[in-house]
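Visitor: Could we go through this structure together, starting with the overall fold and then turning to side-chain contacts?

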Amino acid sequence: MEIGEMQKFVAAIVNDKLATMNSVHRQSTITTIKAENIAQHSFFVAYYALKIAKKLKLNDELKGEITIQALIHDIAESSSSDVPSNVKYQVPGLKQMLDKAEDFAINKYFPEIKDEFTNLRKHEAEGDIVGTVIKLADIIALIQFLKTERALGNQDATLLKVIRETYDNLGRYLDHLEEIVTDEQAKSVKTEDK
């Protein structure tokens with residue numbers, strides 16, 4: 001690679017749309033004291049996903065895939081903005097429209113990670129180990145944020161309800177993870193018996 005080529009590449013990164021991730025705030029259905037941007041949230045999700053993957057003793061390839069996909073799981077929101085999860089699913093057709101907006105953002109601003117983003121969507125849809133670990137990490141990051149809000153003295157009337165609902169969601173995903181791990185262990189035993 002020539003020096004001029006690298007300079008152009010670095011200049012493009014400096015002006016990348018990704019920089020807006022630190023100015024796009026995550027949205028909430030409750031009043032919050034502290035704002036959290038998409039970049040902060042994505043870092044926490046990637047960190048917690050890696051911790052979970054290590055605890056599960058997943059191979060390096062899976063740990064890498066999980067970490068990368070966790071890092072980029074909300075990257076398109078730097079263009080389309082954030083919409084709270086419960087709103088996405090309560091308004092008929094909104095999730096599909098937001099998916100199209102995210103696809104547009106990925107194709108226009110982040111084509112170099114299109115494959116990783118497509119794989120992330122596939123893992124989420126299948127509910128496999130990769131998608132489940134990332135979703136668990138996403139929920140953990142939300143719980144940490146909500147706990148911080150409570151510690152800061154947030155008096156929003158629905159905060160405790162949202163925390164309870166988020167813990168319930170965490171429980172469902174932990175149960176699903178246990179099913180996946182149990183199935184994988186059973187497959188592994190059958191393979192060893194052959």
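Guide: The conversation below covers the fold, the salt bridges, the aromatic pairs and the surface patches.

Visitor: Before that, what kind of model is this, and how are residues numbered?

Guide: This is a predicted model, in which local features need pLDDT of at least 70, side-chain atom pairs count only at pLDDT 80 or more, and totals for chains, interfaces and linings use all residues. Residues are numbered from 1 along each chain as its sequence is written, and side-chain values use heavy atoms, with hydrogens and water left out.

Visitor: How many helices and strands are there in the chain?

Guide: The chain has 9 helices and 0 strands. Helices (H or I, at least four residues) and strands (E, at least two) are DSSP runs, numbered from the N terminus. Read from that end, the order of elements is α-α-α-α-α-α-α-α-α.

Visitor: What box do the C-alpha atoms fill, and what percentage of the residues count as buried?

Guide: Along the principal axes, the C-alpha atoms occupy a box of roughly 55 × 55 × 35 Å. Of the 194 residues, 35% count as buried. Buried means under 20% relative accessible area, exposed over 50%, and partly exposed in between (1.4 Å probe, protein chains only).

Visitor: Now the salt bridges. What is the count?

Guide: The count is 8 salt bridges. The criterion is a side-chain nitrogen of Lys or Arg within 4 Å of a carboxyl oxygen of Asp or Glu.

Visitor: Which residue forms a salt bridge with aspartate 74?

Guide: The partner is arginine 26, and the closest N and O atoms are 3.5 Å apart. Aspartate 74 sits in the loop between α3 (60-72) and α4 (77-80), while arginine 26 sits in the loop between α1 and α2, so the pair ties together parts that are 48 residues apart in sequence.

Visitor: Is aspartate 74 buried or exposed?

Guide: Aspartate 74 counts as buried, at 9% relative accessibility. Arginine 26, at 22%, counts as partly exposed.

Visitor: What about aspartate 99? Which residue is its partner?

Guide: Aspartate 99 forms a salt bridge with lysine 95, with the closest N and O atoms 2.8 Å apart. Both are in helix α6 (residues 94-109); being 4 residues apart, they are separated by about one helical turn. Aspartate 99 counts as buried at 19% relative accessibility, and lysine 95 as partly exposed at 22%.

Visitor: And which residue pairs with arginine 121?

Guide: Arginine 121 forms a salt bridge with aspartate 103, the closest N and O atoms being 2.6 Å apart. This pair links distant parts of the chain, 18 residues apart: arginine 121 belongs to helix α7 (residues 114-126) and aspartate 103 to helix α6. Both residues count as partly exposed, arginine 121 at 21% relative accessibility and aspartate 103 at 31%. Through shared partners, salt bridges join Lys95, Asp99, Glu102, Asp103 and Arg121 into one network.

Visitor: Changing topic, how many aromatic pairs does a search of the whole structure find?

Guide: The search finds 5 aromatic pairs. One of them is phenylalanine 43 with tyrosine 47: the ring centres are 6.5 Å apart and the planes are at 15°, so the pair is stacked. Rings of Phe, Tyr and Trp (its six-membered ring) pair if their centres lie within 6.5 Å; planes under 30 degrees apart count as stacked, over 60 as edge-to-face and the rest as tilted.

Visitor: Where do phenylalanine 43 and tyrosine 47 lie?

Guide: Both lie in helix α2 (residues 38-55), 4 residues apart, about one turn of the helix. Tyrosine 47 is partly exposed, its relative accessible area being 41%.

Visitor: What do phenylalanine 44 and tyrosine 48 form?

Guide: Phenylalanine 44 and tyrosine 48 form a stacked aromatic pair, with 6.5 Å from centre to centre and 20° between the planes. They too lie in helix α2, 4 residues apart. Phenylalanine 44 counts as partly exposed at 34% relative accessibility, whereas tyrosine 48 counts as buried at 18%. Phe43, Phe44, Tyr47 and Tyr48 form one aromatic cluster.

Visitor: Finally, which residues make the nonpolar surface patch of about 470 Å²?

Guide: That patch is made by Met6, Phe9, Val10, Ile13 and Val14. Patches consist of residues with over 30% relative accessible area and no salt bridge, where like charges are joined within 9 Å and nonpolar side chains (Val, Leu, Ile, Met, Phe, Trp, Tyr) within 5 Å. Accessible areas come from the Shrake-Rupley method with a 1.4 Å probe; for residues, only the protein chains shown count as cover. Valine 14 belongs to helix α1 (residues 3-14) and counts as exposed at 60% relative accessibility.
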